[in-house]
Amino acid sequence: MASSLLSFNKIQPPAFGKLVTILSIDGGGIRGIIPATILQFLESQLQILDGKDARIVDYFDIVAGTSTGGLVTAMLTAPDANNRPLYAAKDIVPFYTKHGPHIFPQKGGIIGSVENTLVQIGNPKYDGKYLHQLIRDNLGQTRLHQTLTNVVIPTFDIKNLQPTIFSSFETKTSPALDALLSDICIGTSAAPTYFPAHYFTNDDGSGKTSEFNLIDGGVAANNPALIAVGEVTKQVFRKDPNFAPIRPMDCRRMLVISLSTGSAKQEEKYTAEMAASWGRFGWLVHGNSTPILEVFSQASKDMVDYFLSIVFQSLNSEENYLRIEDDALVGANASVDVSTKQNLDELVKIGQNLLKGPRSRIDLRTGASETVAAGGTNQDALINFAKILSEEQKLRRSNAATQNNA
């Protein structure tokens, strides 16, 4: 393994380099295992290049995550006692396999299935107590501004009926958003019908208290990649010197890795004939699924991917945008909360197989995902992206050192 060539104290800003680097992680409950498996591979490649102490957070200007992706984001970016990431990427999958069965306790058999359905009608399927305590124990008193790189986590405020975006960039101008990272994660993971909505207040430091009534960020943006790009654009308009070389939507100067938790598009679960007879109850509960949530979640993810694909391809920057997604999940694999050992093991294998699968992108003519000709595998793409990320950080540190010595 190569010796460390980087000083992993603080990532230097884009002004010292050529690119703005963005990592985005979708929501999807227990399926967070899939992007976690991919991140483990990416971090291993960075460690081959820059040493065993390299971590994901050392290479990205922004890490964005929704719901389970928000939790992964916090784990990768929250500081430990040594001001290094709380979790390495290799620790995320074991976290899910250890705690998943307690977050989503299973009730087997016909009786259990009926009971779960009845609970969903009157109450959240899970009380969230284990998840909430787990998040608080891990993140403690860490606040948004303390993350090791910029973080963007979408939530949705049901009192105001509008998204609330917790962004590191906004903590100085909107101190009310500088909330505990634990509250933000509990809020963004409060999926309707699965977990209770989350209420908390936050003091902005001047004695003014703001209140938040939050549910799952997936209602606003299950794929937060576009929000992350938007945050960069805002900093450019604000003339932030850290983003001085970048122009609005300058895709040639952006590198975006967007990780999905998978979908069941090819399973063809519903038809118009089936849905035509659904009322409120039918859209809410169909077997073990919640069709209305699945529809909104998938539409949100796909529209973001479609838009970014158009922009990056139109500006001849398609190689700077990587979306990794498995749209052929079936059965329990497609569920957000099946935490049996068999399903957890299968989700790990799905992530591993996805690495070996061909790289794909949106076909602008049809809007469908297509395999990239001679594009190699997702694993090949990540190996190449790791090299770019490593070179970018070396360039930044070199330029920063030169300026400091001038």
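Me: Helices (H or I, at least four residues) and strands (E, at least two) are DSSP runs, numbered from the N terminus. With that settled, where is the place of Ser210?

Reply: Ser210 belongs to strand S6, which covers residues 209–215. Before we go on, this is a predicted model, with residues numbered from 1 along each chain as its sequence is written. Local features need pLDDT of at least 70, side-chain atom pairs count only at pLDDT 80 or more, totals for chains, interfaces and linings use all residues, and side-chain values use heavy atoms, with hydrogens and water left out.

Me: Good to know. Is Ser210 buried or exposed?

Reply: Buried, because its relative accessible area is 18%. The cut-offs are under 20% relative accessible area for buried, over 50% for exposed and in between for partly exposed (1.4 Å probe, protein chains only).

Me: And what does Ser210 touch?

Reply: Ala176, Phe200, Thr201 and Asn202, if you skip residues up to four places away in sequence. Contact here means heavy atoms within 4.5 Å.

Me: Switching to cysteines. Where does Cys185 lie?

Reply: Cys185 is in helix H6. It's buried, given a relative accessible area of 1%.

Me: Which residues does Cys185 touch?

Reply: Gly70, Leu71, Ala74, Ile135 and Leu139, again not counting residues up to four places away in sequence. Also, the C-alpha atoms of Cys185 and Thr68 are 8.4 Å apart in space, although these two residues are 117 apart in sequence.

Me: At what angle do H2 and H6 pack?

Reply: About 160°, and the axes of H6 and H2 (residues 68–77) are 8 Å apart. Therefore H2 is roughly antiparallel to H6. The crossing of the two is left-handed. On the H2 side the contact uses Gly70, Leu71 and Ala74, and on the H6 side Leu181, Cys185 and Thr188. Sorted by class, the H2 and H6 contact has four nonpolar residues, two polar and no charged.

Me: How do those labels work?

Reply: Axes are lines fitted to C-alpha atoms, for helices over the stretch in contact, and angles between N-to-C directions run from 0 to 180 degrees. Under 35 degrees is roughly parallel, over 145 roughly antiparallel, 65 to 115 roughly perpendicular, and the rest oblique. For handedness, left-handed is when the near helix is turned anticlockwise from the far one by less than a right angle, and right-handed is when it is turned clockwise. Ala, Val, Leu, Ile, Met, Phe, Trp, Tyr, Cys and Pro count as nonpolar, Asp, Glu, Lys and Arg as charged, and the others, Gly among them, as polar.

Me: Next one: at roughly what angle do the axes of H1 and H12 cross?

Reply: Roughly 50°, with the axes of H1 (residues 33–50) and H12 (residues 341–356) coming within 8 Å. H1 and H12 are therefore oblique to each other, and their crossing is right-handed. H1 brings Ile33, Ile34, Thr37, Ile38 and Phe41, while H12 brings Leu344, Leu347, Val348, Ile350, Gly351, Gln352, Leu354 and Leu355. That contact of H1 with H12 splits into ten nonpolar, three polar and no charged residues.

Me: What about H8 and H11, how many Å apart are their axes?

Reply: The axes of H8 and H11 are 9 Å apart, at an angle of about 50°. That makes H8 oblique to H11. Ala225, Leu226 and Val229 of H8 meet Val304, Phe307 and Leu308 of H11. By class, the contact of H8 with H11 is six nonpolar, no polar and no charged.

Me: Last topic: how many aromatic pairs does a search of the whole structure find?

Reply: Eleven. One of them is Phe95 with Tyr96, edge-to-face at 6.1 Å centre to centre and 85° between the planes. Phe169 and Phe243 are edge-to-face too, because their ring centres are 5.8 Å apart and their planes at 65°. Phe169 is in the loop between S4 (162–167) and H6 (181–188), and Phe243 in the loop between H8 (225–237) and S7 (254–259), so this pair ties together parts 74 residues apart in sequence. To pair, rings of Phe, Tyr and Trp (its six-membered ring) need centres within 6.5 Å; planes under 30 degrees apart are stacked, over 60 edge-to-face and the rest tilted.

Me: Which residues do ring pairs link into a cluster?

Reply: Tyr87, Phe95 and Tyr96. Phe95 is buried at 8% relative accessibility, and Tyr96 is buried at 6%.
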